[in-house]
Amino acid sequence: MTQTNKPERRYDLIVWDWDGTIMDSTPTIVYCIQQACRDLGFKEPDDTLASSVIGLGIHDSLRRAVPWIEPIHFQKLTDRFRYHYLAKDHELDLFVGIRELLEELRADNYLLGVATGKSRVGLDRSLKHHQIGHLFHETRTADESFSKPHPGMLLELSDVLQVPTRRILMIGDTTHDLDMAANAGVDAVAVTYGAHPPDTLKTSQSLTHVDDVTQLSAWLKSNLTAPLK
């Protein structure tokens, strides 16, 4: 990705979603939501509904995934979800090729950020476990900012890193990511290998859709420093 003639760049900051974009966690999150419901004797959401809420903060996710239970039960449901997720967390892997892509972008002096529905504790645990925390210049989580699709996380990253929103690119796997980007005035790329299927992603604005990390890398190489293709 290194350019010998150093053409003008379109973007200075690339912001990533985490679950379903960097980490292959969608099936595990769906399982944990469903298992938490089974533990408490509640009707469980199907795979489609459970995966549709991925990317939101934990409380928003569970309220949307299990709207038929009384609010008084949400804390117990949250506790059971976290119990099951912590039991599986160490088994989760990054998508193949993501580490190398992030390292290449960092080496090319792009600013890298994360905007995720995870908690701060959860994100820091994953960054440490996978040993990629050093690759990111700044990160934001749903429990310290606004939950997607509110633009807050992107606007905060823009302010802290002093990068105007027109020079930021968001990469995510859900409509929550794409809508957050649109609300912030930020360009976005949709990846179809995560939580939301291509037909769902088409309902939100993005520059392109890519089906795997190889396609994502190729698109970035062609478009970060050239007219969009």
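How many aromatic pairs does the structure hold?

Analyst: In this predicted model, there are three aromatic pairs. Aromatic rings also take part in contacts with charged groups: Arg9 is placed over the face of Tyr110, 3.8 Å from the ring centre, and Arg63 is placed over the face of Phe74, at 5.5 Å from the ring centre.

Turning to the sheet, six strands build an open arrangement whose order is S3-S2-S1-S4-S5-S6, with parallel pairing. Its edges are formed by strand S3 (138–141) and strand S6 (209–210), each of which pairs on one side only. Within the sheet, strand S1 (residues 13–16) is joined to strand S4 (residues 168–172) in the parallel sense over four bridges. Val15 has Met170 of S4 opposite.

Two helices that pack on the sheet may be described in turn. Helix H7 (residues 152–161) touches S1, strand S2 (111–116), S3 and S4, and its direction makes about 155° with that of S3. Helix H10 (residues 213–223) touches S1, S4, strand S5 (187–191) and S6; the direction of H10 makes about 170° with that of S4.

H7 also has a helical partner. The axes of H7 and helix H8 (residues 175–184) come within 8 Å and cross at roughly 55°, which means that H7 is oblique to H8. This crossing of H7 and H8 is right-handed. At the contact, Met153, Leu154 and Leu155 of H7 meet Met180, Ala181 and Ala184 of H8.

Terms used:
Residues numbered from 1 in each chain as written. Predicted model: local features only at pLDDT ≥ 70, side-chain atom pairs only at ≥ 80, totals over all residues. Heavy atoms only, no water. Phe/Tyr/Trp six-rings, centres within 6.5 Å; stacked < 30°, edge-to-face > 60°. Lys NZ or Arg CZ within 6 Å of the ring centre and 35° of its normal. Pairing = 2+ DSSP bridges. Contact = heavy atoms within 4.5 Å. Axes fitted to C-alpha atoms, helices over the stretch in contact; angles between N-to-C directions. Parallel < 35°, antiparallel > 145°, perpendicular 65-115°, else oblique. Left-handed = near helix turned anticlockwise from the far one by under 90°.
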